[in-house]
Amino acid sequence: GVQVETVAPGIFGTRWPLPRALPLVSLIIPTRDRHDLLRTCVESILARTAYRHFELLVVDNQSRCPDTLAYLEALARQPGGRIRVLRWDRPFNYSAINNFAAAHARGEILGLINNDIEVTEPDWLGEMVSHAIRPEIGCVGARLLYPDGTIQHAGVVLGVGAVANHLMRGMPGRSPDHFGRLWCTWNPSAVTAAALLLRREVWARVGGLDEASLPVAFNDVDLCLKVRALGLRNLWTPQAELIHHESVSRGSDTTPEKRARFLGEVATMRTRWGPLLDQDPAYHPDLTRVREDGALAMPGEAVPHLDGPSEALP
């Protein structure tokens, strides 16, 4: 039942079939204030998604903006039970928020969605579901674009930077790039939780996100590596395309407290996954780990680690 189609000259893609009985997808959207972003996210999902068998769990993390609170109340009053508003009245902990919502989800498939995601293509969810239900597949990620059309996410490469980073970030979204990688479904070691689907039973087997040691950063990479350790393949598909306004509502890690927390998360990942971070099995060892463009490494390039001296490439 797999269909093959031409996605670019000389490059072919596959469309996997959906079952007759469509699985319910629980899309979890953590949010705080910024009702404009949330409204764009929710209303674009509702208006532009062709796959209709889903529920939305909007998790409010201590919003104070009156417009946001009014919008959340309006969402909670919508009939039909498709949208539920949950309250997480504690300090921001991305892992804990999603674990909390997952415990309230009804779906066979869980979807982690940032509140700054915007749907532009109707087939995005059906495409991701068609892979998430495959028994050999774990986490499924989407092709994410910045509003200017450049790549924000085309899979996560381990060891770029201290822990991991997005491949091809900032490249033109329609670029032919290296061997058509931006046009091809592939199996990276990890994908971002800004738009990530996986089966509920897989989520349960790995214990969800690590809310104790990874409250903010790298929890999605850790999730993917735990799923990979089960023997499942993570997958990125360019045929599920979304706009990502990227962490606009959360802000950056610039305070001393946030910096200390980030360094602790780096240390956790280095301790837990160090050998994989030093040599991503889904990324050729001759490619750069200094830049995100996936180009050949240059002689003498230093691979940055925040916990020790840099490693020079021969």
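Predicted model: local features only at pLDDT ≥ 70, side-chain atom pairs only at ≥ 80, totals over all residues.
Figure 1. How much of Arg 143 is accessible, and is the residue buried or exposed? Its relative accessible area is 1%, and because the limit for a buried residue is under 20%, Arg 143 counts as buried. One of its neighbours, Glu 241, is also a polar partner: the side chains of Arg 143 and Glu 241 make a polar contact at 2.7 Å.

**Figure 2. The second largest pocket and its lining.** This pocket has a volume of about 230 Å³. Its lining is formed by 14 residues, and those nearest the centre are Arg 15, Arg 174, Pro 238, Gln 239 and Glu 241. Two elements, β1 (3-8) and β13 (233-244), each give two or more residues to the lining. Which of the elements gives the most to the lining? It is β13, with four residues. By residue type, the lining consists of seven charged, six nonpolar and one polar residue. Glu 241 lies among the residues nearest the pocket centre and is also the polar partner of Arg 143 shown in Figure 1.

**Figure 3. Arg 15, a residue of strand β2.** Strand β2 covers residues 11-15 and includes Arg 15. Arg 15 has a relative accessible area of 25%, and it is therefore described as partly exposed. With neighbours within four places in sequence left aside, the contacts of Arg 15 are Gly 1, Val 2, Gln 3, Glu 5, Glu 127 and Gln 239. With Glu 127 there is a polar contact between the two side chains, at 3.2 Å. Gly 1 is 14 residues away from Arg 15 along the chain, and the C-alpha atoms of the two residues are separated by 8.7 Å.

Figure 4. Helix α3 spans residues 94-104 and is mostly covered, with eight of its 11 residues buried. Which residues of α3 are buried? They are Tyr 94, Ser 95, Ala 96, Ile 97, Asn 98, Asn 99, Ala 101 and Ala 102. At the N-terminal end, α3 is capped by Asn 93, a side-chain oxygen of which lies 3.2 Å from the backbone nitrogen of Ser 95.

**Figure 5. Thr 192 in a loop between two strands.** The loop that holds Thr 192 lies between β11 (164-166) and β12 (195-199). Although placed in a loop, Thr 192 is buried, with a relative accessible area of 8%. Apart from neighbours within four places in sequence, Thr 192 is in contact with Leu 144, His 153, Val 156, His 166 and Asp 220. A polar atom of the Thr 192 side chain lies 3.2 Å from the backbone nitrogen of Ala 194.

Technical notes. Residues numbered from 1 in each chain as written. Heavy atoms only, no water. Buried < 20%, exposed > 50% of the residue type's maximum accessible area, 1.4 Å probe, protein only. Polar contact = N/O pair within 3.5 Å; in protein donor to acceptor, adjacent residues only side chain to side chain. 1 Å grid on protein atoms, 1.4 Å probe; cavity = no way out; pocket = protein on both sides within 12 Å on 5 of 7 lines; lining within 4 Å. Points joined across faces, edges and corners; volume = space filled by probe spheres on them. Nonpolar A, V, L, I, M, F, W, Y, C, P; charged D, E, K, R; others polar. Contact = heavy atoms within 4.5 Å.
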